[in-house]
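Trainee: Please take a close look at one part for me, the place where the two chains meet. I would like one connected account.

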Amino acid sequence: MKRRWNAPIWLGFLFVLSAPVVYFSVFIRFPALRDHPWLTFPVFGIGLMLMAFGVRCAYHEPWIYRGKIFGTILAVLSIAVVTLFGAGVYYFARQLPTSGGAPKVGEKAPDFTLQDMDNHNVTLSSLLHSTPAEGDKLAGVVLIFYRGAW
Amino acid sequence: MRSFEQSINAFDHRHVSLVAISVDPPETTRELREKQGYTFTFLSDPKAEAIRRYDLLHAGAGEQGEDLSRPAEFLIDAAGTVRWVNLTDSLVVRARPGQVLSAIDNLRLGSPRTR
């Protein structure tokens, strides 16, 4: 007799793979979903539960269900994916310099001369004396330091 | 930065301008700016001079071990004084425009005449 296709294992694996893909392609744009991946971990959870169910069937009723070997391999892979994702978000993403010498509230912001997109030199003081898009007097500047495209 | 672009009118309205700084050369920032439709100013700090002065250097953090800036946001008033700082402890957590806008409002920095 031909044994049954073990759908929960594949479905679970699909859930586990889709969670980080969706996080990095879609959630990363929305701070509420990005800062703490509260929606990604339940998807991982559903995936792992489906896989556990599928693997359990494969071991308990191997004459009905397939998946003893590939189910185990995919389950181990899935746990690795979940662990890597968790480590990435909660450990590796936090390996940042402490920046103890960064300018503090109340201090004078260090001036700088940098190039704009047209290779013109721009200083912080010139930015602070520029005229805003609306109105007559600039109230301030927000400096956004970012990692860049490398 | 996408979220900051979406809130650009709120910053304009408060007479606060946005300036993005990274180690990327001007050509790269120009491409990024065009591709993403950013309208605020981008500055290039390829030698990480300003980044070092602000103690934001993340040494060897690039894909090929380049020095990059760690993410950070500073609100500076017209007199050149730092009024609000955000140094995130995680790469996936950045300042949201709303945080900066409420800091501006709490400090009564924006459009003082209408208040």
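**The interface of chain A and chain B**

Mentor: Strand β3 (residues 140-145) of chain A and strand β5 (residues 72-77) of chain B run antiparallel, joined by 6 bridges. Two strands pair if DSSP finds at least two bridges between them. Strands (E, at least two residues) and helices (H or I, at least four) are DSSP runs, numbered from the N terminus. In this pairing, V141(A) stands opposite I76(B) of β5(B).

This is a predicted model: local features need pLDDT of at least 70, side-chain atom pairs count only at pLDDT 80 or more, and totals for chains, interfaces and linings use all residues. Residues are numbered from 1 along each chain as its sequence is written, chains are lettered from A and ligands numbered from 1 in the order in which they are written, and side-chain values use heavy atoms, with hydrogens and water left out.

Now the whole contact (heavy atoms within 4.5 Å). Chain B brings 69 residues and chain A brings 55 residues. The buried area between them is about 6000 Å², and carbon and sulfur atoms give 59% of that. Buried area is the accessible area (1.4 Å probe) that two parts lose on being put together, summed over both. In chain B, the residues that lose the most area to chain A are H15(B), Y54(B) and V92(B), together 12% of what that side buries.

Side chains of opposite charge can pair when their charged atoms come close. A salt bridge here is a side-chain nitrogen of Lys or Arg within 4 Å of a carboxyl oxygen of Asp or Glu. The rule finds 2 across this interface. D89(B) forms a salt bridge with R94(A), with the closest N and O atoms 3.8 Å apart. R96(B) and D35(A) also meet in a salt bridge, 2.8 Å from N to O. R96(B) lies in the loop between β6 (82-86) and α5 (97-106) of chain B, and D35(A) in the loop between α2 (31-34) and α3 (40-60) of chain A, so the pair joins two chains.

Across the interface, 30 residue pairs are in polar contact, both residues at pLDDT 80 or more. A polar contact is a pair of N or O atoms within 3.5 Å; within protein, one must be able to donate a hydrogen and the other to accept it, and residues adjacent in sequence count only if both atoms are side-chain atoms. On the side of chain B that touches chain A, strand β1 (residues 16-22) of chain B gives the most, with 7 residues.
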